[in-house]
Amino acid sequence: MELLSASIGLCYLKKYRESWSRYFVFFLCFTFLFELMGFLTTQISDDFLSFLMGTNFEKNHWLYNPFIIFNFLFYFLFFTAKLESTKIKSAFKYLAVFYLGTSVLNLIISDFFFSKISSYSFIVGSIFLLISVLYYFFEVLQSDNILIFKSSFAFYVAVGALVFHLCVSPLVIYSIYLTEASNPVFVKINVYIFTIANIFMYTCYSIGFVVCSKENKSY
């Protein structure tokens with residue numbers, strides 16, 4: 001689904017004159033390549049990546065912990081760029097700096113970096129994302145942009161990202177304490193929900209590219 005949405009975005013890239021829509025396509029391409037690298041690091045065997053066996057890099061948490069921070073920072077900047085209020089934009093930029101500093105500090109002082117996904121980075125990032133998306137919706141409802149709302153690519157990004165993070169955030173909290181050995185049922189449910197949430201989010205992005213390309217303009 002990541003590859004599909006990134007490919008559709010690349011196909012319609014030249015029709016997007018608005019810079020942040022272009023950046024979002026590049027973000028999707030980077031995400032796909034990063035996920036591919038994350039998958040390859042899990043395929044450790046005697047022949048492939050055997051030099052990682054028995055080291056801190058055997059699991060890919062060291063890859064995803066920094067990526068989670070980057071992921072949320074991009075979404076913050078994406079929605080901040082869509083806002084009209086200068087004061088709110090400035091406040092959100094301070095929130096982004098706060099999130100970056102505290103998340104990096106959390107990784108430094110905790111022992112999660114190589115062993116677990118940082119729940120702080122994910123949960124706080126999800127809360128800030130929720131705030132930025134809701135304020136984006138609020139500004140749209142207060143302006144004439146409500147008339148072209150469904151033709152805005154940011155709308156599809158907002159719906160996809162918001163639903164995804166609302167669904168998976170509780171799972172991230174519990175997954176730190178529950179493993180396949182202690183609760184295999186939870187792990188299976190976790191996989192199903194993550195899969196469905198991913199499909200929904202990237203489908204929203206793909207639909208957004210197609211719909212907005214028909215308008216030949218990204219609002």
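This is a predicted model: local features need pLDDT of at least 70, side-chain atom pairs count only at pLDDT 80 or more; totals for chains, interfaces and linings use all residues.
**A walk through a helical model**

Read from the N terminus on, the elements run α-α-α-α-α-α-α. Of the 219 residues of the protein, 41% count as buried. Among the contacts between residues at least 6 apart in sequence, 74% join residues that are at least 24 apart.

We can begin with how helices lie against each other. Two packed helices are described by the angle between their axes and the distance between the axes. Helix 3, which covers residues 61-82, packs against helix 5, residues 119-141, at an angle of about 15 degrees, and their axes are 10 Å apart. Angles under 35 degrees count as roughly parallel, and helix 3 and helix 5 are therefore roughly parallel to each other. The crossing of helix 3 and helix 5 is left-handed. On the side of helix 3 the contact is made by Ile68, Ile69, Phe72, Tyr75, Phe76, Phe79 and Lys82, while helix 5 contributes Ser121, Phe122, Gly125, Ser126, Phe128, Leu129, Ser132, Val133, Tyr136 and Glu139. Sorted by class, the residues of this contact between helix 3 and helix 5 are 11 nonpolar, 4 polar and 2 charged.

Helix 5 also packs against helix 4, residues 86-109, and here the axes come within 10 Å and cross at roughly 170 degrees. Angles over 145 degrees count as roughly antiparallel, and helix 4 and helix 5 are therefore roughly antiparallel to each other. The residues of helix 4 that make this contact are Ile88, Phe92, Leu95, Phe98, Tyr99, Thr102, Ser103 and Asn106, and those of helix 5 are Tyr120, Ser121, Val124, Gly125, Phe128, Ile131, Ser132 and Tyr135. The contact of helix 4 with helix 5 has 10 nonpolar and 6 polar residues, and no charged residues.

A pair of aromatic rings is described by the distance of the centres and the angle of the planes. The structure holds 34 aromatic pairs. One of them joins phenylalanine 78 and phenylalanine 79, whose rings are 5.2 Å apart centre to centre with 90 degrees between the planes, an edge-to-face arrangement. Both phenylalanine 78 and phenylalanine 79 are buried. In another pair, the rings of phenylalanine 164 and phenylalanine 194 have their centres 6.2 Å apart and their planes at 80 degrees, so this pair is edge-to-face. Phenylalanine 164 lies in helix 6 (residues 153-175) and phenylalanine 194 in helix 7 (residues 184-214), so the pair ties together parts that are 30 residues apart in sequence. Phenylalanine 164 is buried, with a relative accessible area of 9%, whereas phenylalanine 194 is partly exposed, with a relative accessible area of 24%.

Two further residues can be looked up in the structure above. Phenylalanine 26 is found in helix 2, residues 19-40, and is partly exposed, with a relative accessible area of 45%. The C-alpha atoms of phenylalanine 26 and alanine 6 are separated by 7.9 Å, although these residues are 20 residues apart along the chain. Histidine 61 is found in helix 3, and at 16% relative accessibility histidine 61 counts as buried. Leaving aside its neighbours within four places in sequence, histidine 61 is in contact with Pro66, Phe113, Phe114, Ser115, Lys116 and Ile117.

Note on methods: Residues are numbered from 1 along each chain as its sequence is written. Side-chain values use heavy atoms; hydrogens and water are left out. Axes are lines fitted to C-alpha atoms, for helices over the stretch in contact, and angles run from 0 to 180 degrees between N-to-C directions. Helices (H or I, at least four residues) and strands (E, at least two) are DSSP runs, numbered from the N terminus. Angles under 35 degrees count as roughly parallel, over 145 as roughly antiparallel, 65 to 115 as roughly perpendicular and the rest as oblique. A crossing is left-handed if the near helix is turned anticlockwise from the far one by less than a right angle, and right-handed if clockwise. Contact means heavy atoms within 4.5 Å. Ala, Val, Leu, Ile, Met, Phe, Trp, Tyr, Cys and Pro count as nonpolar, Asp, Glu, Lys and Arg as charged, and the others, Gly among them, as polar. Rings of Phe, Tyr and Trp (its six-membered ring) pair if their centres lie within 6.5 Å; planes under 30 degrees apart count as stacked, over 60 as edge-to-face and the rest as tilted. Buried means under 20% relative accessible area, exposed over 50%, partly exposed in between (1.4 Å probe, protein chains only).
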